Amino acid sequence: MTDHPRVTVLGAGSLGAVIARAFAAAGHPTTVWNRTPRRVERLVDEVPALRRAGSIPEAVANSDLVVLAVADAAAADAVLDAAGTTLGARIVVNFTSTTPAQTRALADRVGTRYLDGAAMSGTRLVGDPSGLFLYSGAAETFAEAEPTLGALGVAKAVGADPGAASLWDTALLGLNLGVLGAFYQAVAMIGGSARDVAEVATQYLPFATGLLGDHARQIDAKEYPNDDGSLAVYGAAVDHLIATAAGRGVATDLAVPFRTLITRAVEAGHADDGLASVTEVLR
């Protein structure tokens, strides 16, 4: 016997499978259902501790907490339809990729026992203590589910609005893509071994990420000192980046939009302000 809450994972795709594995590894009795039974059969063969269910009501009935990890909002709706009254007062945690509006619609169906979840480390760190997961929904529901959700990684609440986790997920995707895009550009410009560029970039990034807290304080205070350079200085530096890339036959698609943003901020009166002042023209 175990005192670990029982978990059901509805969906055994790339994310659902690793979530089920993580719950089982943490000692939670875990039931898995998938629209394609063969996928569940393979998963259970690999992780014998998992229990397969032949239907959604059967899967839900064997749980205290239900996880949705299906293809899209329409699939999540269909799963909730099939679950019907079997859900009862169980907590439902949705990891399906949805927009904030779609998430709120799902939450309206479930009620205050709904949490939206975002796996911020993708599938790589599910079950790892360093993996980050964001959740939104009623604070009481999150507090109840948090000990169980800890099996997946760090559980962080980002607001009572059910759509908040989806919003954070999408916004931070932009941050991630910005970093990766800049890395790809650096590799193309420097040439040679991408591994060498990655090694130096990894040493450089702590400086870049260290700016986030300082710039956040500036943005909140709406005060933008130019200690690290004014927008006029940064504009010239980005011009240099664009010219150097073009001179080496590298596309400037990433740098030109940022130069345009700096120009807009200068035209709005921020020429002597620091870089974080571009936030004012993004809003």
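What follows is a set of questions and answers on this predicted model.

Me: How many helices and strands does the protein chain have?

Reply: This is a predicted model. The chain has 283 residues, and 38% of them count as buried. Its C-alpha atoms fill a box of roughly 65 × 40 × 30 Å along the principal axes. The secondary structure comes to 11 helices and eight strands.

Me: In what order do the eight strands form the open sheet?

Reply: The pairing in this sheet is mixed. Strand 3 (51-52) and strand 8 (154-157) are the edge strands, each pairing on one side only. The order is 3-2-1-4-5-6-7-8.

Me: In which sense do strand 6 and strand 7 pair?

Reply: Strand 6 covers residues 114-119 and strand 7 covers residues 132-137. Leucine 115 stands opposite glycine 137 of strand 7. Alanine 119 has phenylalanine 133 as its bridge partner in strand 7. The two strands pair over five bridges, and the sense is antiparallel.

Me: In which sense do strand 7 and strand 8 pair, parallel or antiparallel?

Reply: Leucine 134 stands opposite lysine 156, which lies in strand 8. Strand 8 is an edge strand. Strand 7 and strand 8 share four bridges, and the sense is parallel.

Me: Is alanine 138 buried or exposed?

Reply: Alanine 138 is in the loop between strand 7 and helix 6 (139-149). Its relative accessibility is 19%. The cut-off for buried is under 20%, so alanine 138 counts as buried.

Me: What separates the C-alpha atoms of alanine 138 and methionine 189?

Reply: Along the chain, alanine 138 and methionine 189 are 51 residues apart.

Me: Which residues form the positive surface patch?

Reply: One of them, arginine 42, is found in helix 2 (residues 37-46). Joining a patch takes over 30% relative accessible area and no salt bridge. Arginine 42 has 45% relative accessibility. The patch is formed by Arg35, Arg38, Arg39 and Arg42.

Me: Why does arginine 42 count as partly exposed?

Reply: Buried means under 20% and exposed means over 50%, with partly exposed in between. Arginine 42 falls in between, so it counts as partly exposed, at 45%.

Technical notes. Residues numbered from 1 in each chain as written. Predicted model: local features only at pLDDT ≥ 70, side-chain atom pairs only at ≥ 80, totals over all residues. Heavy atoms only, no water. Patch = residues over 30% accessible without salt bridge, like charges linked within 9 Å, V, L, I, M, F, W, Y side chains within 5 Å. Areas by Shrake-Rupley, 256 points an atom, 1.4 Å probe, with all protein chains shown as cover. Salt bridge = Lys/Arg side-chain N within 4 Å of Asp/Glu carboxyl O. Lys, Arg positive; Asp, Glu negative; His and termini not counted. Charge placed at Lys NZ, Arg CZ, Asp CG, Glu CD. Buried < 20%, exposed > 50% of the residue type's maximum accessible area, 1.4 Å probe, protein only. Pairing = 2+ DSSP bridges.
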